[in-house]
Amino acid sequence: MPPGTAGKNGFPPYIMRLMKDNYDIIVIGSGLGGLTSARRLASAGHKVLLVEQHSIVGGLATYFKRKGHIFDVALHGFPVGMQKSLRKYWGKDFSDRIIQVKSIRFDNPQFTLDTTFDMENFSALLVEKFGVPAETVKAFFAALAAMNYYDDQAEVTASLFERFFPGRKDVWRFLMEPITYANGSTLYEPAISYGIVFGNFMSKGVYTFLGGTDLMLDMMVRELRNGGVDVETGARAEKILVEGGRVRAVVVNGREIGCRAVVSNGSLPKTILEWTGAEHFQPDFVAGMRKVRLSTSSSQVYIGIKPGEKLDFIGDLLFTSTHPEYDTDALLGRKITSRTYSVYYPEIRPGTDRYSIVASMNSRYEDWAGLSKEEYRAAKAAMVEDTFNALEKYVPGIRKIADYAEAATPRTFERYTGHVRGATFGTKFEGLKYSMELGKQVGGLFHTGSVGIIMSGWLGAANYGVITAGEVDKYLATSGRA
Ligand SMILES: Cc1cc2nc3c(=O)[nH]c(=O)nc-3n(C[C@H](O)[C@H](O)[C@H](O)COP(=O)(O)OP(=O)(O)OC[C@H]3O[C@@H](n4cnc5c(N)ncnc54)[C@H](O)[C@@H]3O)c2cc1C
């Protein structure tokens, strides 16, 4: 893309600058982990290049524009901790835009209810609606609060629930379904990862960014550029070059750019096995990495409402399901029974009068990967139709007031983010070790981004960006100039 060219589909006209020949650090990927890492490293006085293969920054936390609508891909809600992280690492202009998502609704065969998704309200619902003794609820939240990353990680979430709410599948669903949507986790993953994520949300409820993802990303790019970071979109890192056990350059769009450290925000297996090359790592590290499981993927249906038409208030976030019980297999299946609707009213983007709805589903890559072009198109169209049918219950006559509908599948996520199998939440828990230990294998090589649930989501990814930046800073201070 030549300098000054506007991006596709109404994306902001990020000005392409000329990359220099050398940087202290090259950050590969502009997900929230990469963006925040770049910002921290530039603030620490380093020369930083951020390269993003897509024509727009944000990674999974992105947006797109169609027919006058702006669709947020991953802005459904995050914990209040995001306010502190944005204030600390990006500034008050960012944190002042954090607002609470007020109405979260559940509708499934086991229960229908409204919640603000915070500890007080959740506790009251567990006692009053589900009839759980108050002391059990208290003990459950106390157990979550006492969890610590360094504890024994053998217990899985199912056994944690069984301990406190034996046989209460309705309670399990209430506690688990939103977290599965938020990060793809199942009942059979370490309880600690559930505890940390759920505990984060429970501290004060669910929040969002006033102005939408587009505004936040524009503000971030501006902030980075003002801070001296070269941000290049349409710039694909193809190879990480290693010499004498240390990184020395990255090949970007065929051009070698020198650096002393690399922060990869892209796919962890690709970083190790494809971009750097297994030959630069200890064989047991590579063997272990090959066994790391990837998270599952997602599908979405985006629906834009015609200008002039309105949506009655139906809640901000609706967790809906027609499946009798919480069931990971059913949540992931092609035959969709569960959908989370994020409803965007004009208030989220002050000054506009547009409404939109994004339906999100957890999905398996293999259900979509083998389809022919025609089958794929038909399956996407069916997913859109089924979503309209399901939405009729909440917005009668939705078809008449919608003027745009499109679907994304695990293949879409794979294509736009480069994540292997469209994994939308990185790797499972065991990936964290490999992500954090890259630098012990190859000097100056680091990773940040969704791994092991804890580092996932807007808050987890941004905070992991800060942690990684700290490690890079330490490395540069002690490694000397190459
Ligand atoms: C449908 C959906 C809904 C979600 N909803 C929420 C939500 O409501 N709340 C929440 O907190 N979280 C949500 N998430 C999760 C959250 O968006 C992610 O966990 C987070 O944004 C991931 O950030 P990351 O730092 O891991 O980077 P990623 O977003 O994974 O970005 C990686 C970046 O690297 C780039 N890249 C890859 N390869 C290369 C290369 N070779 N060269 C250059 N660049 C490259 C990619 O293009 C991408 O931009 C959702 C995710 C999905 C998919």
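Guide: A helix here is a DSSP run of H or I covering at least four residues, numbered from the N terminus. The model is predicted.

Visitor: Which element gives the most residues to the shell around the ligand?
Guide: At least two residues of that shell come from each of α1 (32-43), β2 (48-52), β15 (297-305) and α19 (457-479). The ligand is surrounded by 39 residues, and G29, G31, G33, G59 and H76 are the closest. With four residues, the most is given by α19.

Visitor: How many residues of the shell around the ligand are charged?
Guide: The shell draws at least three residues from domain 1 and at least three from domain 2. By class, 23 of its residues are polar and 14 are nonpolar. The charged residues number two.

Visitor: What twist does the open sheet of three strands average from one strand to the next?
Guide: Its order is β11-β12-β13, and the pairing is antiparallel. β11 (237-243) and β13 (255-258) are the edge strands, each pairing on one side only. From one strand to the next, the twist averages 30°.

Visitor: Which residue in β12 is the bridge partner of L241?
Guide: β11 and strand β12 (residues 246-252) run antiparallel. Six bridges join them. The bridge partner of L241 in β12 is A249.

Visitor: How far apart are the C-alpha centres of domain 1 and domain 3?
Guide: The domain assignment gives domain 1 as 8-58 + 214-292 + 425-479, domain 2 as 63-100 + 207-212 + 294-417, and domain 3 as 118-204. Between domain 1 and domain 3, the C-alpha centres are apart by 33 Å.

Visitor: How many residues of domain 1 on the side that touches domain 3 are nonpolar?
Guide: The contact takes ten residues from domain 3 and nine residues from domain 1. On the domain 1 side, three residues are polar and one is charged. The nonpolar residues there number five.

Visitor: What radius of gyration does the protein chain have?
Guide: The secondary structure of the chain comes to 19 helices and 20 strands. Its C-alpha trace spans about 65 × 55 × 50 Å along the principal axes. For 482 residues, a compact globule would have a radius of gyration near 23 Å, and the chain agrees with that, having 22 Å.

Note on methods
Residues numbered from 1 in each chain as written. Predicted model: local features only at pLDDT ≥ 70, side-chain atom pairs only at ≥ 80, totals over all residues. Near = placed C-beta within 6 Å. Nonpolar A, V, L, I, M, F, W, Y, C, P; charged D, E, K, R; others polar. Domains from an automatic or database assignment. Contact = placed C-beta atoms within 7 Å. Rg over C-alpha atoms; globule rule 2.2 N^0.38 Å. Pairing = 2+ DSSP bridges. Axes fitted to C-alpha atoms, helices over the stretch in contact; angles between N-to-C directions.
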